[in-house]
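Subject: Handover of a structure and notes on what was found

Dear colleague,

Please find below the structure that I am handing over to you. My notes on what was found in it follow directly after.

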Amino acid sequence: TRNGFVLQYASDDLRDDPDIVSAAVSVNGLALRHASAGCRDDPTCVAAAIRQEPSSLQFGSESIRKNRAFLLNVDLEKKCGLLRFIHRELLGDKDFM
């Protein structure tokens with residue numbers, strides 16, 4: 001797809017398909033907002049969204065935003081843009097920061 005936002009018009013089955021969601025968010029990371037809860041909790045889908053648009057982390061599940069291992073693997077140059085979307089539990093963790 002050339003426009004990831006077509007995901008908002010997709011059926012629930014397509015919004016829950018990790019391959020479809022990953023393809024959509026790789027074009028427009030903010031389309032993650034239209035993915036199913038399962039895909040918003042899928043590290044592969046969320047990573048694809050972040051690669052395209054770091055602020056798309058805000059649409060990731062709470063557990064993804066708390067997932068230390070996942071967030072530590074995000075490109076360092078993108079981390080600064082992600083800080084406002086990382087769960088506050090990790091923001092208070094001196095080892096994480």
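Is Glu62 exposed, partly exposed or buried? Glu62 counts as partly exposed, at 42% relative accessibility; buried means under 20% relative accessible area, exposed over 50%, and partly exposed in between, with a 1.4 Å probe and protein chains only.

Please note that this is a predicted model, in which local features need pLDDT of at least 70 and side-chain atom pairs count only at pLDDT 80 or more, while totals for chains, interfaces and linings use all residues. Residues are numbered from 1 along each chain as its sequence is written, and side-chain values use heavy atoms, with hydrogens and water left out.

Confidence

The pLDDT is the predictor's confidence in each residue, from 0 to 100. For the chain its mean is 85, and 81% of the residues reach 70 or more. Helix H3 (residues 37-40) has the highest confidence, at 98, whereas helix H7 (residues 76-82) has the lowest, at a mean of 57. Helices here are DSSP runs (H or I, at least four residues), numbered from the N terminus. Where pLDDT is low, the predicted coordinates should not be read in detail.

The salt bridge

The structure holds 1 salt bridge, that is, a side-chain nitrogen of Lys or Arg within 4 Å of a carboxyl oxygen of Asp or Glu. Glu62 forms this salt bridge with Lys66, and their closest N and O atoms are 3.4 Å apart. Both residues belong to helix H5 (residues 62-66), where they are 4 residues apart, about one turn of the helix. Lys66 is also partly exposed, with a relative accessible area of 31%. Side chains of opposite charge can pair when their charged atoms come close.

In helix H4 (residues 43-52), the buried residues are Cys45, Val46, Ala48, Ala49 and Ile50. In soluble globular proteins, nonpolar side chains tend to be buried together.

The cysteines

How many disulfides does the structure hold? There are 0 disulfides, a disulfide being a pair of cysteine sulfur atoms within 2.5 Å. Cys39 is in no disulfide, and the nearest cysteine sulfur, that of Cys45, is 4.1 Å away. Cys39 is buried, with a relative accessible area of 2%, and Cys45 is buried at 0%.

Ser55 lies in the loop between H4 and H5 and is buried, with a relative accessible area of 13%. Its side chain is joined to that of Glu53 by a polar contact of 2.8 Å (N or O atoms within 3.5 Å, one able to donate a hydrogen and the other to accept it; residues adjacent in sequence count only if both atoms are side-chain atoms). Leaving aside residues up to four places away in sequence, Ser55 touches Leu30 and Phe85, contact meaning heavy atoms within 4.5 Å.

Tyr9 is found in the segment before helix H1 (12-15) and counts as exposed, at 69% relative accessibility.

With kind regards

How values were computed
Helix = DSSP H or I, 4+ residues; strand = E, 2+ residues; numbered from the N terminus.
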